[in-house]
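Hello,

Here is the structure we talked about. Please open it and follow along with the notes below.

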Amino acid sequence: MRAILVILSGLMLSGAAVAADLPIAPPSPMIRSGAEAPNVVPFAQAFSLGSLNLAFESQTLQEVRGRIGGGVIDRLGDSGDRIDWLCYDLPGARLWLAEYQGKVRELTLAVRPAKAPASSHCPALLAKFQSVRIDGAITLGTSRADLIQRLGQPAKQAGDWLAFHREAPAKGDEDNELIVRLENGKVAALWAKKVTSR
């Protein structure tokens, strides 16, 4: 299913589907952290949209949309492969919030190319919600040095991609992942995810 998402996102970014105004699926990162789990510091616990503070795995997309005051919930796949998401445009960036198994578990934030098409499926986020941060600190523009100071060395690195991973079995098999793509040593895209299996 992730391959389908990558193809759909590529089509949308190229402008191929502008006339149809199709949903814009969250893009997938080019690396995953794998089984390594060197990170000890907890991360990907919460995120904020301006002064609206939210915790991963504590709300549905419907609840988040209600608090933000708008947006389109899109869906792809079914059963265990189903993903539901909200997409919003910010100045120079695009935000996705993804729901799996009834809770918001993943946030994607990426610099939006100037030629990326507009879509009614990604409405402009109100100005008061446009400051998007993971755990109160990590956002677009965060430096590589600051990430490593906060989280330690990445579990995996490939070129400008860094993947941080943490497992906390004592909390019911909590799995946290933060993947970033750097440009000039600063975060240009990030994927934050928290999944707890009980």
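L109 has L190 of β11 as its bridge partner. This is a predicted model, in which local features need pLDDT of at least 70, side-chain atom pairs count only at pLDDT 80 or more, and totals for chains, interfaces and linings use all residues. Residues are numbered from 1 along each chain as its sequence is written, and side-chain values use heavy atoms, with hydrogens and water left out.

Strands here are DSSP runs (E, at least two residues), and helices are too (H or I, at least four residues), numbered from the N terminus. Two strands pair if DSSP finds at least two bridges between them.

Back to the strands. β6 (residues 103–111) and β11 (residues 186–196) run antiparallel, joined by five bridges. β6 also pairs with β5 (residues 93–100), in the antiparallel sense, over eight bridges. There, E99 stands opposite V104. Two residues lie between the strands of this hairpin, and Q101 takes a positive phi near 50°. Is β6 covered or open? Mostly covered: seven of its nine residues are buried (under 20% relative accessible area; exposed is over 50%, partly exposed in between; 1.4 Å probe, protein chains only).

Now the open sheet. Its three strands come in the order β2-β1-β7, with antiparallel pairing. β2 (52–55) and β7 (132–134) are at the edges with a single partner strand each, so one side of each has no neighbour in the sheet. β1 (residues 46–49) and β2 are joined by four bridges.

Best wishes
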